[in-house]
Amino acid sequence: MGVTIREKSEADHGAVVELLTRRWTSPEILIEGELIDGSLLPGFLAEDTEGETAGLVTLIKREREWEILTLDSLTRWSGVGTLLLNAVIGSALEQGIRRLMVRTSNDNLDAFRFYQRRGFRIEKIVTGAIDEERRLRPEIPLLGEYGIPIHDEVVFARSL
């Protein structure tokens, strides 16, 4: 599958909102009690040869590190996630950023595998973080991937 990676732009807003709503139930993602609108953040889009969205990564850019808020490949195991992550790493290095981080829930074993195979290490586990978020967003399911109860947040980080 031929895929092109490019920085997302304002013109992509509608497609980004649609993708985030489909994959995350809303463009607003809850991080440490704060709702962050991922559709307004910088990031990269993956497009297939017909110009259709194949994936998206959104970033919280801080002075010393970038946090991956969302990373979605619409075709599992296709390499799109790796291409998006590589675009983030290249851009971070160009801008002098030497650290990336990402959070995921304790049930997301595929994310555990993906990030660890790409040099990320478990930095901390925030016990009960998803339980707390569920109080603000009751639509967060109790059970996640592989039937695993969702309770905790796992933070991965990588030095560049």
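How do the residues of the lining of the largest pocket divide into nonpolar, polar and charged? There are 17 nonpolar, twelve polar and 15 charged, where Ala, Val, Leu, Ile, Met, Phe, Trp, Tyr, Cys and Pro count as nonpolar, Asp, Glu, Lys and Arg as charged, and the others, Gly among them, as polar. The model is a predicted one, with local features needing pLDDT of at least 70 and side-chain atom pairs pLDDT 80 or more, while totals for chains, interfaces and linings take in all residues. Numbering starts from 1 along each chain as its sequence is written, and side-chain values rest on heavy atoms, leaving out hydrogens and water.

Now for that pocket. Pockets and cavities come from a 1 Å grid over the protein atoms alone: a cavity is a set of points where a 1.4 Å probe fits but cannot get out, a pocket is an open set with protein on both sides within 12 Å along at least five of seven lines, and lining residues have an atom within 4 Å of a point. Points are joined across faces, edges and corners, and a volume is the space filled by probe spheres set on them. The largest pocket comes out at about 1,400 Å³. Its lining takes 44 residues, with Trp-24, Asp-72, Thr-104, Asn-108 and Glu-145 nearest the centre. Two or more lining residues come from each of H1 (13–24), S2 (28–31), S6, H2, S7, H3 (109–117) and H4 (129–136); helices (H or I, at least four residues) and strands (E, at least two) are DSSP runs numbered from the N terminus. H3 gives the most, six residues.

On to the sheet. Seven strands make up an open, mixed sheet, ordered S1-S4-S5-S6-S7-S9-S8, with pairing taken as at least two DSSP bridges between two strands. S1 (3–7) and S8 (121–126) sit at the edges with a single partner strand each, so one side of each has no neighbour in the sheet. S8 pairs with S9 (residues 153–159) in the antiparallel sense over five bridges, and Ile-125 stands opposite Val-154 in S9.

Helix H2 (residues 80–94) lies across S1, S4 (43–48), S5 (53–61), S6 (66–73), S7 (99–105) and S9, contact being heavy atoms within 4.5 Å. H2 runs at about 155° to S6; axes are lines fitted to C-alpha atoms, for helices over the stretch in contact, and angles run from 0 to 180 degrees between N-to-C directions.

The largest cavity contains about 40 Å³ and is lined by Glu-7, Pro-42, Gly-43, Phe-44, Leu-59, Lys-61 and Ser-91.
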